[in-house]
Amino acid sequence: MGARLLMVLNSMRLAEDYETDFRINWFPRGAAAPKLDTPLDLFDPAFIDRHFIANDDFEKLSAITKPIESFRRDPDPGRLNAHLSSGGHVLLDEGFEIERLPFEQGEDHQDRFRAFIARIGFNDTVKAHMAEIESAMAALPGPVFAFHIRRGDILNEAPWKHKEWPSKIEPDELYSAYIKKNPGAAALVFSDQAESIAGLMAAHPQLRSMADLVDLSHCKPVQRDFLELYAMSLASQIIAPPVSAFSRAAARLSGQERKCFHEVMDIAERDVAYDSTIDRFHKGVSAFITPSEAAHIYVKVARRLQVAGREEDAWEFADKILTAGADNAFLPLLQAANCIYLNKWDEALAHVQTAIEDPNQWQENYVSALAIRAHILGALGKAVQARNSFLKGFWQKPSLPDVTVIGTFMIRRQRLRPGEALPFDRETVMALQLGYQLHNIVLQQNKIIRARALDLSSIAVEWPWFAIDGKTQKMLKAKHALKAMRTKLLEGDHAVPGAGPFSFCALLDARMGKLDRALERNTQALEHAPEDQLVRKRQAEILLLKADYDGALAQMEKCMASGPDHAFWHFLTGVIHEGAGDSASAGLAFDRATAMDETTAELHAYVAEFHRKNNHETAAIAALDRAARIAPNQKRYQNRRARILRKSQ
């Protein structure tokens, strides 16, 4: 609700300022919010007829529609205005903030949103309750605080409950502490979990709920959601989790910023509140609404315990929640991390395997689990299994913080060395360092490595065919990112001609389209390091990009002579033959590559597409089956397989 409302308000503002109109695709295909699938519950028919657009009509406009992101780098509105004047459309599909383009200077538009809400055509039922709410809120003694407790689908519904949401969930003890800090203020509590409202009101009699303002018992769920948001927007101050479109939309309507606990309470006050939360865990899982709530609040507590050296407590709490029956897919992964810190390696392996095998595991956590399993297997002396597990995760998300931390550990400890499973440039990787890895990370970096983490994206740049995630593909297309990497590598001793960073910078030149400079530089590197296979591989790739196929193949023959079991050498040879139009030789090279590789799903997917284009459906399906075995969490391979089968029937 909150995200949709913010998108509507942003669209109205943009339409007004750029002298155009707006249309609302309220429920696009694939939307996962069934209670919002009936816009007549909120809006009157005239407003829907005037401003809503059906999915079929919306999709027909895709050819003349540009995302608003495509105008963010513009210095002025000229290109945007020209696009609109020529009959083009602009798509706004993110609703968590006020939309403001860089060339829009001055006002932040926040104070305009209250006027826009009055121009939305709500139906008679909703409008009547809005008036009731305005009267009830005006009668409360000011100031009025509104507290938003986010629970609901995060705790109770798949797939949401299977991912941790530390930015969306705050423990009840923080709310209680702030209420006690402001005893004279009128306070309202809003939540998508009735038990959360009841629990906080029982502890603080001065609290009121929406039911104390107006009777919404006969309203439909979507109506109650909006009306609660509207009531929240009339409060003097909104206290909410850092990430919540619902409370953010309410704040935008009010013309104010909602507040998070780190903004209204100092560190000491928050620490006291978290100590109370930890005390609640000592009482047991029954002190929470459900084991799922305990699991999500545990996410907030575990890191604090680990930082304080209380890993035993962190392990004990997670064990109690698991024993109580919590089925949240992320919890065994967190417990595996606890076991690592306590050197419980066999138990850690059991938990991480549970996490990997859970069909509800979210993509990022699945990849983190593969990396964490690699760390555990390495500690258990299973080097080959460790390397394979890591690489399966790495090629899905090379820049994921957990992958970065574990990869750094493995490279520094020689558990991941340049070799037949992954030809990479250790010197270049060691020269590119990152800051502390914190965002979206299961592990704590300083409990795994003391040194700075390494930027493993250079490996993805080296082998641009294999990374699955969109972040890597964006980086490969971002010249400013590649240029920054190049500048960093050429500092100090790294500018010495030869293998390593000097040669890698030639590859970066090639990635940026500067082929002549790339060839000149890498030829110089080759003269200084004629035995280095990666330098020859780069020479082959640069020659490939210059359409010198014979020269490229000559370089790859030397690579394969030195490393005949490197799957990637055979793969690149196949790419060169493919570029030269020699499908037969390409197919043979690709078959050799796929026979050698067991960790790189996109290698097999590339080969599958090659076979499909050459009408070899059986070979394409076999390659996709191999890709799916390597990355069973990626449904794309099964989907491609199904499409090939449908077309061949």
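Reader: Hi! Is K320 buried, exposed or partly exposed?
Author: Hello! K320 is partly exposed, at 29% relative accessibility. Keep in mind that this is a predicted model.

Reader: Thanks! Which residue does K320 meet in a salt bridge?
Author: That would be E316, with 3.2 Å from N to O. E316 counts as partly exposed too, at 30% relative accessibility.

Reader: And how do E316 and K320 sit in helix α16?
Author: They are 4 residues apart in that helix, which spans residues 311-323, so about one helical turn separates them.

Reader: Nice. What about D313, what does it pair with?
Author: D313 forms a salt bridge with R310, and their closest N and O atoms are 2.9 Å apart. D313 is buried because its relative accessibility of 17% falls under the 20% cut-off. R310, at 30%, is partly exposed.

Reader: Okay, R511 next. How far is it from E541 in that salt bridge?
Author: The closest N and O atoms of R511 and E541 are 2.5 Å apart. This pair links distant parts of the chain, with R511 in helix α26 (residues 501-511) and E541 in helix α28 (residues 533-545), 30 residues apart. Both R511 and E541 are buried.

Reader: Switching topic: how many disulfides?
Author: The count is 0 disulfides.

Reader: And C339, buried or exposed?
Author: C339 is buried, with a relative accessible area of 0%. C260 is buried as well, at 6%.

Notes: Residues numbered from 1 in each chain as written. Predicted model: local features only at pLDDT ≥ 70, side-chain atom pairs only at ≥ 80, totals over all residues. Heavy atoms only, no water. Disulfide = S-S within 2.5 Å. Buried < 20%, exposed > 50% of the residue type's maximum accessible area, 1.4 Å probe, protein only. Salt bridge = Lys/Arg side-chain N within 4 Å of Asp/Glu carboxyl O. Helix = DSSP H or I, 4+ residues; strand = E, 2+ residues; numbered from the N terminus.
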